Amino acid sequence: MAQDAGLEKTSTLFLLNTIAIIFFGVVMVFSSSYMYAREQFGTPTHFLVKQLVFIAIGAAAAAVLARTKINFWYKYAYQVNALCVALLALTQVPGLGVVIKGSQRWLNIGVMNLQPGEFVKYSLIFAAIKYFENFQGYDSRQRLVNFIGIGLPLLVFLVQPDFGTFAISAMIITFIAFLSHFPRKWFWTAATSGFVGAVILLFAAPYRVKRILVFLDPWKDPRNAGFQIIQSFLAFANGGVTGQGLGNSNEKLFYLPEAYNDFIFSVVGEELGLAGVLAGIVLFLGFVFLGFRLALGLKSRLAGLLVSAIVFCVGFQAFLNMGVVLGLLPTKGLNLPFISYGGSSMVANLAALGLVFAAVRWNQATPQPRDQQRMKLARA
């Protein structure tokens with residue numbers, strides 16, 4: 001009973017922490033976009049209203065998914081992943097895929113541009129868990145066929161190109177392989193090969209090499225490749241310790257590209273200063289800490305793996321984004337989860353949050369120890 005009470009307390013704190021992040025994001029989306037929205041669309045609330053709609057859709061999806069059974073998603077993991085990968089592949093079909101800033105990552109569905117990659121990150125979680133937990137029971141053909149389903153979206157990400165989502169997805173797969181019963185000799189061989197391959201891919205594309213060079217010295221090309229990160233530096237410098245005040249950012253006035261999306265954390269730094277930056281970091285640290293604590297408290301092995309992977313996905317992307325805008329990592333197209341403007345990202349992340357609470361419900365109905373559940377996972 002004490003364990004269940006502790007788990008319930010942790011899940012409540014986790015939910016409240018996530019709500020705080022979302023509320024923080026809503027405030028910053030409006031603050032960073034109202035001037036641009038007024039100039040482009042005639043109303044300062046254009047992006048705010050759309051973001052609230054995305055949150056409402058995502059919250060509804062989370063509420064529905066929280067009532068589902070995660071063993072259902074585990075059973076049909078390969079099929080669900082295949083559907084999401086098919087949508088991802090459609091982004092490369094002329095007439096369906098939408099090209100924005102040289103990347104073909106979106107599908108035009110009429111009311112909005114859908115980014116399937118945001119959903120593939122989470123479909124890969126179930127597929128990877130099922131693959132690595134059952135790896136030793138597969139024959140050679142099953143290993144190859146099921147691996148293609150996991151590896152194919154990574155190739156599509158490279159074709160789009162979307163190296164940021166590629167890196168996150170690859171790290172998710174690696175994270176799950178490490179936590180699962182995947183044989184260690186296979187894991188270290190695959191991890192080493194994957195690392196070498198990633199380095200080769202990183203230097204194979206000229207634009208990625210250029211990003212690395214700009215990361216090392218953005219002032220070598222201040223009007224082109226280095227412009228965005230330099231403006232981000234200026235935003236943090238202007239903010240100082242306490243910031244210029246909410247709504248008083250100068251960089252968002254058409255100086256800093258993607259001020260309400262990928263570089264929204266720069267606006268946080270300028271308007272709220274070091275205090276706001278630290279608050280944002282603490283919120284995401286709380287998300288990761290409470291999420292992993294929740295995962296460790298679950299009796300169900302499947303539930304623990306699922307929650308750990310979802311928390312890792314959100315936390316890893318958040319700190320990649322923060323690293324980019326702070327100049328600690330090369331620039332890549334990644335938004336800040338729950339804070340940046342964007343429909344696909346918000347809906348996908350909230351839907352994943354629903355799966356976290358579905359895992360908690362599943363845990364309460366699963367009294368078996370984790371070693372016994374391993375046998376059940378293998379038979380699923």
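Trainee: Where does α11 bend, and by about how much?
Mentor: α11 bends by about 130° at L272. The bend is the angle between axes fitted to the seven residues ending there and the seven starting there. Helices here are DSSP runs (H or I, at least four residues), numbered from the N terminus.

Trainee: What should I know about the model itself?
Mentor: It is a predicted model, where local features need pLDDT of at least 70, side-chain atom pairs count only at pLDDT 80 or more, and totals for chains, interfaces and linings use all residues. Residues are numbered from 1 along each chain as its sequence is written, and side-chain values use heavy atoms, with hydrogens and water left out.

Trainee: Back to α11. What does it span between its end C-alpha atoms?
Mentor: Helix α11 (residues 264-296) spans only 32 Å. A straight helix of 33 residues would span 48 Å. That expected span is 1.5 Å times one less than the number of residues.

Trainee: At what angle do α10 and α11 pack?
Mentor: About 35°, with their axes 7 Å apart. Axes are lines fitted to C-alpha atoms, for helices over the stretch in contact, and angles run from 0 to 180 degrees between N-to-C directions.

Trainee: Which residues of α10 meet α11?
Mentor: S232, A235, F236, N238 and G239 in α10. Among their partners in α11 are F265, G269 and V277. Contact means heavy atoms within 4.5 Å.

Trainee: New topic. Which peptide bond is cis?
Mentor: The one from Q160 to P161, with omega near -10°. P161 lies in the loop between α6 (140-159) and α7 (163-179). Most peptide bonds are trans.

Trainee: And how do α6 and α7 run, roughly parallel or roughly antiparallel?
Mentor: Their axes cross at roughly 160° and come within 8 Å. So α6 and α7 are roughly antiparallel to each other. That label is for angles over 145 degrees; under 35 is roughly parallel, 65 to 115 roughly perpendicular, and the rest oblique.

Trainee: Which residues of α6 are in that contact?
Mentor: I150, L154, F157 and L158 in α6. They meet F163, T165, F166, S169, A170 and I173 in α7.

Trainee: What about α4 and α5, what angle there?
Mentor: Helix α4 (residues 77-90) and helix α5 (residues 117-133) pack at about 150°, with axes 8 Å apart. α4 and α5 are therefore roughly antiparallel to each other.

Trainee: Last one. What is phi of F338 near?
Mentor: Near 70°, a positive value in a residue other than glycine. F338 sits in the loop between α12 (301-325) and α13 (343-364). Most residues other than glycine have a negative phi.

Technical notes. Helix = DSSP H or I, 4+ residues; strand = E, 2+ residues; numbered from the N terminus.
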